[in-house]
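User: Can you walk me through this model? I'd like the fold first, then some individual residues.

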Amino acid sequence: MEDRFISTKLKELEQAIEEAKRSGTVYRPEHKGFDMAIYSAQIEPLIKELSLIEREMPQQQKQRFASLKEQVKRELP
């Protein structure tokens with residue numbers, strides 16, 4: 001798997017997480033959580049796609065992906 005492809009997908013995941021955090025806080029200020037529409041449409045599919053190729057990732061990208069997945073778990077309601 002090409003590193004550039006993986007890097008692009010990880011960047012997309014990071015951006016989607018940030019967008020979901022911002023949007024979730026705007027719509028539900030009492031909850032610090034995700035906008036679930038963004039989670040369902042963008043974050044979940046990216047995590048599934050990256051999980052399929054996780055074994056082929058260089059160690060640094062694996063660690064970054066693991067960190068992003070952990071961040072998503074913490075933010076989910």
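Analyst: Below are notes on the fold, the core and a few residues.

Analyst: This is a predicted model, where local features need pLDDT of at least 70, side-chain atom pairs count only at pLDDT 80 or more, and totals for chains, interfaces and linings use all residues. Residues are numbered from 1 along each chain as its sequence is written, and side-chain values use heavy atoms, with hydrogens and water left out.

User: OK, what's the secondary structure of the protein?

Analyst: Three helices and zero strands, in the order α-α-α along the sequence. Helices (H or I, at least four residues) and strands (E, at least two) are DSSP runs, numbered from the N terminus.

User: And how much of it counts as buried?

Analyst: 34% of the 77 residues. Buried means under 20% relative accessible area, exposed over 50%, and partly exposed in between, with a 1.4 Å probe and protein chains only. The protein exposes about 5,100 Å², and carbon and sulfur atoms supply 50% of that. Those areas come from the Shrake-Rupley method with a 1.4 Å probe; for residues, only the protein chains shown count as cover.

User: What share of the contacts join residues at least 24 apart?

Analyst: 61%, taken among contacts between residues at least 6 apart in sequence. Contact means heavy atoms within 4.5 Å.

User: Now the core. Which residues have the most contacts inside the largest nonpolar one?

Analyst: Leu13, Ile17, Phe34, Ile43, Leu50, Phe65 and Val72, out of 18 residues in that core. H1, H2 (36-52) and H3 each supply at least two residues of this core. A nonpolar core here is a set of buried Ala, Val, Leu, Ile, Met, Phe, Trp, Tyr and Cys residues joined through side-chain atoms within 4.5 Å. In soluble globular proteins, nonpolar side chains tend to be buried together.

User: What does valine 72 contact?

Analyst: Ile17, Phe34, Tyr39, Ile43 and Ile47, leaving aside neighbours within four places in sequence.

User: Let's do H3 as a whole. How far does it reach?

Analyst: H3 has 17 residues and spans 25 Å from first C-alpha to last, close to the expected 24 Å at 1.5 Å a residue. The expected span is 1.5 Å times one less than the number of residues.

User: Which of its residues are buried?

Analyst: Gln61, Phe65, Leu68, Gln71, Val72 and Glu75. They line one face of the helix, because down the axis of H3 they fall within an arc of 120°. The arc is that of the directions from the helix axis to the C-beta atoms. Gln59, Gln63, Lys73 and Arg74 are exposed on the other side of H3.

User: Take leucine 68. What does it touch?

Analyst: Leu10, Leu13, Glu14 and Ile17, not counting residues up to four places away in sequence. Leucine 68 sits in H3, residues 59-75, and counts as buried because its relative accessible area is 5%. Its C-alpha is 7.8 Å from that of leucine 13, which is 55 residues away in sequence.

User: Leucine 10 is on that list. Buried or exposed?

Analyst: Buried, since its relative accessible area is 0%. Leucine 10 is in H1 and touches Leu50, Gln61, Arg64, Phe65 and Leu68, again not counting residues up to four places away in sequence. Leucine 10 and isoleucine 47 are 37 residues apart in sequence, with 9.0 Å between their C-alpha atoms.

User: And lysine 11, where is that?

Analyst: Also in H1. Lysine 11 is partly exposed, at 43% relative accessible area. From its C-alpha to that of phenylalanine 65, 54 residues along the chain, the separation is 10.0 Å.

User: Switching topic: which side chain does serine 23 make a polar contact with?

Analyst: That of aspartate 35, at 2.7 Å. A polar contact is a pair of N or O atoms within 3.5 Å; within protein, one must be able to donate a hydrogen and the other to accept it, and residues adjacent in sequence count only if both atoms are side-chain atoms. Serine 23 is in H1, residues 3-27, whereas aspartate 35 is in the loop between H1 and H2.

User: Why do both count as buried?

Analyst: Serine 23 does because its relative accessible area is 13%. Aspartate 35 does because its relative accessibility is 15%. Serine 23 also touches Ile38.

User: Last one. Where is proline 58?

Analyst: In the loop between H2 and H3. Proline 58 is partly exposed, with a relative accessible area of 32%. The C-alpha atoms of proline 58 and aspartate 3 are separated by 8.0 Å, at 55 residues apart along the chain.
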